[in-house]
Amino acid sequence: MDHADRCRAQAGECHRLLLLSQSGAEATILTSLTRSWKMIANQTDRYVAIRRKEAARNGQGRLEGQHGGVRPLRKPASLKDDASAETFTSTAPAKHR
């Protein structure tokens, strides 16, 4: 199952729970979650299509990887959790209590 299919399965589960909701607030949240999962699935499909088109144009054929043609994202070096990572320091003056 690829990423988009998993997102659609999540949307289906949210919709199923929506039908069983006990309050308006719960229904509103589940409706929003259902839409969000569907949007993520559609964007994932578009991303995969773009990557496949680029790979075909570059003569690479099928995209490599096991994630439905989508490579997992890597953390930028500045966000890695290691001792050598740079830390953010504010240039704003410190507030005194």
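A crossing of two helices is called left-handed if the near helix is turned anticlockwise from the far one by less than a right angle. I jot that down now, as I'll need it below.

**Entry 1: what I have.** My model is a predicted one. I looked up the secondary structure and got two helices and zero strands in the protein chain. The chain runs to 97 residues, and 16% of them count as buried.

Entry 2: I checked the confidence next: pLDDT averages 77 over the protein chain, with 61% of the residues scoring at least 70. Residues 79-97 sit below 50, and apart from near neighbours in sequence that stretch has four contacts in the model.

Entry 3: How do α1 and α2 cross? I looked up their axes: α1 covers residues 3-19, α2 covers residues 24-57, and the axes come within 8 Å, crossing at roughly 165 degrees. Angles over 145 count as roughly antiparallel, so α1 is roughly antiparallel to α2. The crossing of this pair is left-handed.

**Entry 4: who touches whom.** From α1, I listed contact residues including His3, Cys7, Ala11, Cys14 and Leu18. On the α2 side, Ala27, Leu30, Trp37, Ile40 and Asp45 are among them. Sorted by class, the contact of α1 with α2 has twelve nonpolar, seven polar and three charged residues.

**Entry 5: contacts along the chain.** Last, I looked at sequence separation. Of the protein chain's contacts with a separation of 6 or more, 38% come from residues 24 or more positions apart.

Conventions. Residues are numbered from 1 along each chain as its sequence is written. This is a predicted model: local features need pLDDT of at least 70, side-chain atom pairs count only at pLDDT 80 or more; totals for chains, interfaces and linings use all residues. Side-chain values use heavy atoms; hydrogens and water are left out. Axes are lines fitted to C-alpha atoms, for helices over the stretch in contact, and angles run from 0 to 180 degrees between N-to-C directions. Helices (H or I, at least four residues) and strands (E, at least two) are DSSP runs, numbered from the N terminus. Angles under 35 degrees count as roughly parallel, over 145 as roughly antiparallel, 65 to 115 as roughly perpendicular and the rest as oblique. Contact means heavy atoms within 4.5 Å. Ala, Val, Leu, Ile, Met, Phe, Trp, Tyr, Cys and Pro count as nonpolar, Asp, Glu, Lys and Arg as charged, and the others, Gly among them, as polar. pLDDT is the predictor's confidence in each residue, from 0 to 100. Buried means under 20% relative accessible area, exposed over 50%, partly exposed in between (1.4 Å probe, protein chains only).
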